[in-house]
Amino acid sequence: RGLQSIQRGSPRTHPNLRDLDRSPLLSRVVAIDIESNRDTIWEYGWRSLTGSHLRKNRTGIKGKELQEAVDASLLGLEHPCVVGHNLLAWDWTILKEHGARFPSKLELWDTLVASWLLAPWLSSHALVVNENAHRADADADECFKLFDEQAKHFSHCLPNDSLDIRDLVDHLFEKPELLDAIKGREYPDELHSELPGPTLFP
């Protein structure tokens, strides 16, 4: 079948979404996900405050079709924050390899990296999707919610309100003591006793 566009309706109810709707920062956040084997992109899904969307093509989304999907997801934003789980190593890299173009002024937030920063002792930081896992729009939807929670934890750490995970990592390396103020970021007792002080690593 050819390229398809699916809108899954209004954003699902989320405990803190009402407060975040008023945030100018969240208004430029777009969570994306692709289903791909690197050579071929079959699905491109995204989630923003407008809802969840999906483009898919069994023979592969490429060229003009891919760029149209990317443009639709970014909503004409001049300074978007693109969010994804393992974004930097997977989705972003593959999209760039396939020639997708993004605004020159944008920020990237990898929820996998942020998850590790919040709880580096966990054995897995996989994105947990209870329904329609490995469908790009469902994964993007869950990633948007995960970003929602992560942004709250890191709100006091974000340099100049930047939503770029690379800026956050650099900032935390300079000021690791900021991690102590993150609510709920407590090492298991057996690890905590071995730590010399504030640190990014277990």
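Which side chain does a polar contact join to that of His53? The partner is Thr50, and the contact between the two side chains is 3.4 Å. His53 itself lies in strand 4, which covers residues 51-56. This histidine has a relative accessible area of 12%, under the 20% cut-off, and therefore counts as buried. These values, like the others in this report, were computed from a predicted model.

**The chain as a whole**

The protein chain has 202 residues, and 47% of them count as buried. It contains seven helices and six strands. Read from the N terminus, the order of these elements is β-α-β-β-β-α-β-α-β-α-α-α-α. Among contacts between residues at least 6 apart in sequence, 67% join residues at least 24 apart.

**Strands 2, 5 and 6**

Strand 5 (residues 81-84) pairs with strand 2 (residues 29-36) in the parallel sense, over three bridges. Within this pairing, Val83 of strand 5 stands opposite Ala31. Strand 5 also runs parallel to strand 6 (residues 107-110), and four bridges join these two strands. Cys81 has Glu107 of strand 6 as its bridge partner. Between strand 5 and strand 6 the chain passes through helix 3 (residues 87-97), and this β-α-β crossover is right-handed.

In a regular strand, side chains alternate between the two faces of the sheet. In strand 5, Cys81 and Val83 are on one side and Val82 and Gly84 on the other; all are buried, and both faces of the strand are covered. In strand 6, Glu107 and Trp109 point one way, whereas Leu108 and Asp110 point the other way. These residues of strand 6 are all buried as well.

| Residue | Relative accessible area | State |
|---|---|---|
| His53 | 12% | buried |
| Cys143 | 1% | buried |
| Cys157 | 0% | buried |
| Ala151 | 18% | buried |

Ala151 belongs to helix 5, which spans residues 136-153. At 18%, Ala151 falls under the 20% cut-off, so this alanine is classed as buried. Where along the chain is Leu26 relative to Ala151? Leu26 and Ala151 are 125 residues apart along the chain, and their C-alpha atoms are separated by 9.5 Å.

**Cysteines**

How many disulfides does a search of the whole structure find? The search finds zero. A disulfide is a covalent bond between the sulfur atoms of two cysteines. Cys143 is buried at a relative accessible area of 1%, and Cys157 is buried at 0%. Cys81, on one side of strand 5, is also buried.

Technical notes: Residues numbered from 1 in each chain as written. Predicted model: local features only at pLDDT ≥ 70, side-chain atom pairs only at ≥ 80, totals over all residues. Heavy atoms only, no water. Buried < 20%, exposed > 50% of the residue type's maximum accessible area, 1.4 Å probe, protein only. Polar contact = N/O pair within 3.5 Å; in protein donor to acceptor, adjacent residues only side chain to side chain. Disulfide = S-S within 2.5 Å. Pairing = 2+ DSSP bridges. Right-handed = clockwise from strand over helix to strand, strands pointing away. Contact = heavy atoms within 4.5 Å.
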